Amino acid sequence: MSDALYHDAILALAKDRRHAGRLDAPTHSHTSDNPLCGDRVTIDIERASDGTVRRIGHFVRGCVLCQAAAAALAASVEGRGPAAFAAAESALARVLAGQNDPENGVWAAFLPVARHTSRLDCVRLPLVAAKPVFEA
Amino acid sequence: MTQALRSQFPILTPSLAYLDSAATAQMPLAVLDAVRAFETSSRANVKRGVHRLAEAATDAYAAARSDVAAYLGVPPSEIVFTSGCTAALNLVAHSFGALMKPGDAVLLSALEHHSNLVPWQMLAARSGIELRFLDVDAEGRIDLSALETKLDARVKLVSLAHVSNVTGSVLDVASVVATAAKVGARVLLDGAQRAPHGPLDLKTLGVDFYAFGGHKVFAPHGVGVLWARRELLDAMPPFLGGGEMIAQVELAHSTWAAAPAKFEAGTPPIGAAIGLGAACRWLGTLPWAEIAATEARLCQRLLDGLAATPGVRVLGPQSLQARAPVVSFALEGTHPHDICQIMDSAGVALRGGHHCAQPLHKRFDLAGTTRASLALYSDDSDIDAFFAGLSKVRKILL
Ligand SMILES: Cc1ncc(COP(=O)(O)O)c(C=O)c1O
């Protein structure tokens, strides 16, 4: 059932606008597209010299799942060092493989997506956009 | 009437409102049975053997070509089987394109499916052909007011969608053909979305090329049709090289078989073509005036219901005038994929996204739309389910 996808935690994440919008002066920025649906995500970060993500902003033209994943990403990395992005990537990979794990944190909300092959890329897009930013 | 038609489609169970026929239409028993009969009694390669199965397969493949030709009102020798509509369009871009010179032009429109856009972009990059474009009006129709000014002696081909796969608008073919004739330009129609909605009399249409795919006309995937006038098929060089398209092969060069074999290199999609032949035979027996009336009435229900829904914008004509039952819309504050997903949970199959028409969506400043498309088996229960699903969408997402 698709209803299970649109549960409260996902909808709440999608409505979480705290990190929505571009940053004024990002140190790093990257945009990625999903050619299948035309969705587009831009991730801006402002990184301190010690690697800490001081601020993150996301600009999403995408579905609820994509919006929610962008919010989850922002919540996972803001104020943290570079390891936080790698941890978010691992957590999402686990979740989309259907693995329940206490380390999944905020990403656990996406567990129902694992059963919807055609929607996996919707959730992945914000991390795909963010990867070059974090690896720069 | 619709009930009798619908009962011929085993996949259409009462719990499914299949409103995605513009992506792929379902297959009736007449087609399923023909494919099964071929695969279980005559399966073999064509034109490559003298044993009885090879003979039966070759005959069945030829009969399928005749059935398609009869449905379209053209000679079988002008029917080329391809792997789909996309392959048919690429064939023209390659083989008719080979007859064009740098500086020649092709006229397209801003609402074309990527299949009638990208092959021409590839041709332009390869051989210095100019691409020109007709704009789309606010209703989502190709704007023919600029047709005359965009056509001059350099334009060798006008290639347009007969029916838009997004807006459902039907092209004024007679105007295009008459205006193109003044400068000697040939006309190719991408008929992917027109072919499922009733018989086509290609000779009366007056065009030079017509392309469509099997899976949208109630036949299997993997087969399509290119029809072209004999003199064009004769003049055009082949597209793909291989077996079955040759007359003589030497080590360094070859000569070509006559069309249509010249354009059918390799083993063709035999079972799928036989399914397409069966589909055309079946389509030829249907009460089309009644079907068209039902499709129009259901399309009007969709348009009326959407017009009454707050935040909905329909990308396409509001009236049924020159309009096929393909209805795309945006619901403010929602994304097509979320709509489609929730609709699926309500048993309604829709398509969401840019529908392989990104330039058109850009023209309307939209990333994507949600599309409901009807076919001859659609009925009121599908429309009821659509609006029930839409209420659910609005409750969850808005
Ligand atoms: C208008 C139009 N043209 C071309 C195509 C391409 O057809 P196919 O993908 O079956 O080759 C489609 C279908 O998707 C279409 O709707």
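Analyst: Start with pockets and cavities. On a 1 Å grid over the protein atoms alone, a pocket is an open set of points with protein on both sides within 12 Å along at least five of seven lines, while a cavity is a set of points where a 1.4 Å probe fits but cannot get out. This model is predicted: local features need pLDDT of at least 70, side-chain atom pairs count only at pLDDT 80 or more, and totals for chains, interfaces and linings use all residues. Residues are numbered from 1 along each chain as its sequence is written, chains are lettered from A and ligands numbered from 1 in the order in which they are written, and side-chain values use heavy atoms, without hydrogens and water.

User: How much space lies in the largest pocket?

Analyst: About 930 Å³. That volume is the space filled by probe spheres set on the points, with grid points joined across faces, edges and corners.

User: What makes a residue part of the lining, and which lie closest to the centre of the largest pocket?

Analyst: A lining residue has an atom within 4 Å of a point. In the largest pocket, 39 residues line the space, and the closest to its centre are A:Arg61, A:Gly62, B:Thr334, B:His335 and B:Ala367.

User: Which element gives the largest share of that lining?

Analyst: H13(B) does, with four residues. Among the elements that give two or more are strand S1 (28-34) of chain A and helix H14 (380-397) of chain B. These are DSSP runs numbered from the N terminus: helices are H or I with at least four residues, strands are E with at least two.

User: How do the lining residues of the largest pocket divide by class?

Analyst: Into 15 nonpolar, 13 polar and eleven charged. Ala, Val, Leu, Ile, Met, Phe, Trp, Tyr, Cys and Pro count as nonpolar; Asp, Glu, Lys and Arg as charged; the others, Gly among them, as polar.

User: What about the second largest pocket?

Analyst: Its volume is about 530 Å³. It is lined by 21 residues, and A:Ser118, B:His337, B:Cys340, B:Leu350 and B:Gly352 lie nearest its centre. H12(B) supplies the largest share of this lining, four residues.

User: How many cavities of 30 Å³ or more does the structure hold?

Analyst: Two. The largest cavity has about 50 Å³ of space. Among its lining residues are B:Ser21, B:Gln193, B:Lys216 and B:Leu374.

User: Why is the largest cavity said to lie between domain 1 and domain 2 of chain B?

Analyst: Because domain 1 (2-19 + 287-397) and domain 2 (30-283) both give residues to its lining. The bounds come from an automatic or database domain assignment. The C-alpha centres of these two domains of chain B lie 28 Å apart.

User: What classes line the second largest cavity?

Analyst: Eight nonpolar residues, no polar and no charged. The space is about 30 Å³. Helix H3 (52-72) and helix H10 (270-283) of chain B each supply at least two of the lining residues.

User: How do H3(B) and H10(B) pack?

Analyst: At an angle of about 35°, with their axes 8 Å apart. Axes are lines fitted to C-alpha atoms, for helices over the stretch in contact, and angles run from 0 to 180 degrees between N-to-C directions.

User: What makes the crossing of H3(B) and H10(B) left-handed?

Analyst: The near helix is turned anticlockwise from the far one by less than a right angle; clockwise would be right-handed. The crossing of H3(B) and H10(B) is left-handed. B:Tyr71 of H3(B) and B:Cys280 of H10(B) are among the residues that make the contact, and both also line the second largest cavity.

Definitions and conventions. Contact = heavy atoms within 4.5 Å.
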